[in-house]
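Let us walk through this structure together, one region at a time. Please keep the sequence and the 3D view open as you read.

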Amino acid sequence: MKSAQRTRRPLALAVVALIGLPLALSACGSSTAASSTEAVTEISVMDYYNNEPDKSFIGAALTKCGTQLGVTVKRETVPGKSLISKVLQQSSSKTLPDVLMLDNPDLQQIAATGALAPLADFNVSTEDFAEGVLSAGTYKDKVYGLAPTVNTIALFYNKDILSKAGVSPPTTWDELKDASAKLTAGDQYGLAFNANPTYEGTWQFLPVMWSNGGDEKKIDTKETEQALQLWTDLVKSGSVSSSALNWTQADVKDQFLAGKAAMMVNGPWQIPALDKEPSLQYGVVKIPVREAGQTSVAPLGGEVWTVPQTGNKARQAKAAEMVACLNSDENQLAMATARNTIPSKTTLSDKFASDNPKLATFTELIKTARARTGQLGEEWPAQATKIYTAIQTSLTGNASPADALKQAQGQ
């Protein structure tokens, strides 16, 4: 959902490491077939990594691949909020870049316009990618985008606070409610999460909904009602602050950092900020499931790289080589390590988790993580709005979880 931030290492050292890592020639698109003999010496790239440190991390990867492929990279970074409108405008005026990065829930919308080329047209390999990653880059059974790294959310806990209270990290909903109640005292809440009326609020709710068998296609079901009842009970009991209705994920992190929340639902992009506080000892576990034996299913976050339909086959072929290069094993590991994200290939999971123990839980979750657009495609945003609307209605006490979901589904 949110791009990861920098690690504790200095920015310059991380970028140098990213540039210096060797590339496997076969992974950089040597099997990609061009349909023209035209010599391509420059390709244009557009992404929304316009803030540091990601701007430099991604720039380093693009430069490295450009050097390997013998092209100069002409890069444009734009604010995330304006990317889609700019893409649609460029599609209309036939001025799309050669390589385009998209947040994975947006791929369906853009692919539906015919603006993207299937990666199979250029023999870009999709082997070894996690199922959710491929689903996120797929539209009507064709893969249009690949994500070198991804992210998701889990449960962070303050080791010292839980130890002092004699509480173990919860694994089920009952344990979560019990632990949150025991850890709530004074100005300290047991748990913090984001339930605001945006896609972020939906994103943070999806693990309890999906793990309990809830379905985004139809949200007024018993399974989703049970999940929303959990969220509602936690706020109603005072174990979670009612401010969660307005908090962002950054606000949730700030509460945890300040010791005002013993546990929080959040993502790995918060790790650099947490690690700046030397006194904070924290752990990460999967978000609890309703009952033992259920699988914890988390939502998949991250950006996919695509090849737009520019009409220039030679440049498209070179752009496809760039996408393949960004997704090489070496680059996936380098970018994931530098950015606190997770490699998209399951074949890299064990090594990455071993080398980056703080990301081990997230790495395990990616194996079963689901793409938000996997079932609904371009219709996902409308249903995501219904979900966060129901959350707000229930948590504010304006309707029961069952009625809130029924009202939202009918909108």
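This is a predicted model: local features need pLDDT of at least 70, side-chain atom pairs count only at pLDDT 80 or more; totals for chains, interfaces and linings use all residues.

Residues are numbered from 1 along each chain as its sequence is written, and side-chain values use heavy atoms, with hydrogens and water left out.

Helices (H or I, at least four residues) and strands (E, at least two) are DSSP runs, numbered from the N terminus, and two strands pair if DSSP finds at least two bridges between them. In general, strands of a sheet pair through backbone hydrogen bonds, either parallel or antiparallel.

Now widen the view to the sheet. Five strands form an open sheet with mixed pairing, in the order β2-β1-β3-β12-β6. Because β2 (72-77) and β6 (145-146) stand at the edges with a single partner strand each, one side of each is left without a neighbour in the sheet.

Turn next to β1 and β2, which pair in the parallel sense over six bridges. One of the residues to look for is Glu42, whose bridge partner in β2 is Thr72. From β1 the chain crosses through α2 to β2, and this β-α-β crossover is right-handed; the term applies if, with the strands pointing away from the viewer, the path from the first strand over the helix to the second runs clockwise. As for burial, five of the six residues of β1 are buried, leaving the strand mostly covered. Buried means under 20% relative accessible area, exposed over 50%, and partly exposed in between (1.4 Å probe, protein chains only).

The peptide bond from Glu52 to Pro53 is cis, with omega near 5 degrees. Helix α2 (residues 54-69) then runs for 16 residues and reaches 22 Å from its first C-alpha to its last, close to the 22 Å expected at 1.5 Å a residue; the expected span is 1.5 Å times one less than the number of residues. Its buried residues include Asp54, Phe57, Ile58 and Leu69. After the helix comes Gly70, with a positive phi near 75 degrees.

How do the helices sit against the sheet? Helix α2 lies across β1, β2 and β12 (303-306), running at about 155 degrees to β2. Helix α12 (residues 313-326) lies across β1, β2, β3 and β12, at about 55 degrees to β1. Contact here means heavy atoms within 4.5 Å, while axes are lines fitted to C-alpha atoms, for helices over the stretch in contact, and angles run from 0 to 180 degrees between N-to-C directions.

Lys94, in the loop between α3 (80-93) and β3, has a positive phi near 60 degrees and is not a glycine. At 74% relative accessibility, Lys94 counts as exposed. Asn123, in the loop between α4 (107-112) and α5 (131-136), also has a positive phi, about 60 degrees, without being a glycine. Asn123 is partly exposed, with a relative accessible area of 43%.

Let us move on to Ser180, in helix α7 (residues 173-182). With 0% relative accessibility, Ser180 counts as buried. Its side chain reaches the backbone oxygen of Leu176 at 2.7 Å, a polar contact being a pair of N or O atoms within 3.5 Å; within protein, one must be able to donate a hydrogen and the other to accept it, and residues adjacent in sequence count only if both atoms are side-chain atoms. Not counting residues up to four places away in sequence, Ser180 touches Gly190, Leu191, Leu234, Ser239 and Met263.

Finally, visit Val208 in helix α8 (residues 199-211), which counts as buried at 1% relative accessibility. Val208 and Trp173 are 35 residues apart in sequence and 9.0 Å apart in space, C-alpha to C-alpha. Beyond its neighbours within four places in sequence, Val208 is in contact with Trp173, Ala227, Leu230, Trp231, Ile287 and Pro288.
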